[in-house]
Amino acid sequence: QAPVFKVQIFVSGKRLKPTSSEFKGLTNTDYYVESGLSKYTVGADTDFAKVEKIRREIYAKFPKAFIIAFIGDKKITAREALKLNK
């Protein structure tokens, strides 16, 4: 199973509506819950380069955004996922 890369943009203690101003106009956001926190992401692709392009495009709005990866429901680091892709 190929890892799916996503850009994590921020974490919130509360669940936000997709139209929330905290998304700064981004659409197509998603979230997952970890340690009781909602962690918001944008983009989802098995191609790291495509997700890295999204991260660069939103950098001005979300300079602390970073890439994470999932295999099924298990979150792993982008570095771990890239090793799996080799």
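Lys6 stands opposite Ile68 in β4, a pairing inside a predicted model in which local features need pLDDT of at least 70, side-chain atom pairs count only at pLDDT 80 or more, and totals for chains, interfaces and linings use all residues. Residues are numbered from 1 along each chain as its sequence is written, and side-chain values use heavy atoms, with hydrogens and water left out. The secondary structure of the protein comes to two helices and five strands, where helices (H or I, at least four residues) and strands (E, at least two) are DSSP runs numbered from the N terminus. Read from the N terminus on, these elements follow the order β-β-β-α-β-β-α.

**Overall form**

- The radius of gyration, taken over C-alpha atoms, is 13 Å, which agrees with the value near 12 Å that a compact globule of 86 residues would have, the globule rule being 2.2 Å times the number of residues to the power 0.38.
- Along the principal axes, the C-alpha atoms of the protein fill a box of roughly 40 × 30 × 20 Å.
- Of the 86 residues in the protein, 36% are buried, a term that stands for under 20% relative accessible area, while exposed stands for over 50% and partly exposed for what lies in between (1.4 Å probe, protein chains only).
- Among the contacts with a separation of 6 or more, 65% come from residues 24 or more positions apart, a contact being heavy atoms within 4.5 Å.

**The sheet**

- Five strands form an open sheet in the order β2-β3-β1-β4-β5, with antiparallel pairing, and two strands are taken to pair if DSSP finds at least two bridges between them.
- The edge strands are β2 and β5 (74-77), each of which pairs on one side only, and the twist averages 45° from one strand to the next.
- Strands of a sheet pair through backbone hydrogen bonds, either parallel or antiparallel.
- Six bridges join β2 to strand β3 (residues 37-45), and these two run antiparallel; across this pairing Asp30 stands opposite Thr41 in β3, and Tyr31 stands opposite Tyr40 in β3.
- In the hairpin of β2 and β3, which has two residues between the strands, Ser35 takes a positive phi near 55°.
- The antiparallel strands β1 and β4 are joined by five bridges, whereas four bridges join β4 to β5, which also run antiparallel.
- Phe70 stands opposite Lys75 in β5, and the hairpin of β4 and β5, with two residues between the strands, has Gly72 at a positive phi near 65°.

**The helices**

- Helix α1 (residues 48-57) lies across β1, β3 and β4 (66-71) and runs at about 30° to β1; for such angles, axes are lines fitted to C-alpha atoms, for helices over the stretch in contact, and the angles run from 0 to 180 degrees between N-to-C directions.
- Helix α2 (residues 78-85) lies across β1, β4 and β5, and its direction is at about 90° to β5.
- Asn85 is found in helix α2, and at 41% relative accessibility Asn85 counts as partly exposed.
- Leaving aside residues up to four places away in sequence, Asn85 touches Pro3, Phe5 and Thr46, and its C-alpha atom is separated by 9.7 Å from that of Phe48, 37 residues apart along the chain.

**Aromatic rings and charges**

- The structure holds seven aromatic pairs, which are counted when the ring centres of Phe, Tyr and Trp (its six-membered ring) lie within 6.5 Å, with planes under 30 degrees apart called stacked, over 60 edge-to-face and the rest tilted.
- One of these pairs is formed by Phe10 and Phe23, which is tilted at 5.4 Å centre to centre and 40° between the planes.
- This pair links distant parts of the chain, with Phe10 in strand β1 (residues 4-12) and Phe23 in the loop between β1 and β2 (29-34), 13 residues apart, and both Phe10 and Phe23 are buried.
- Phe10, Phe23, Tyr31, Tyr40 and Phe62 together form one aromatic cluster.
- Lys24 lies over the face of Phe62, at 4.9 Å from the ring centre, where a charge sits over a ring if NZ of Lys or CZ of Arg is within 6 Å of the ring centre and within 35 degrees of the ring normal.
- The charged end of Lys6 sits over the ring of Phe70, 5.2 Å from its centre.
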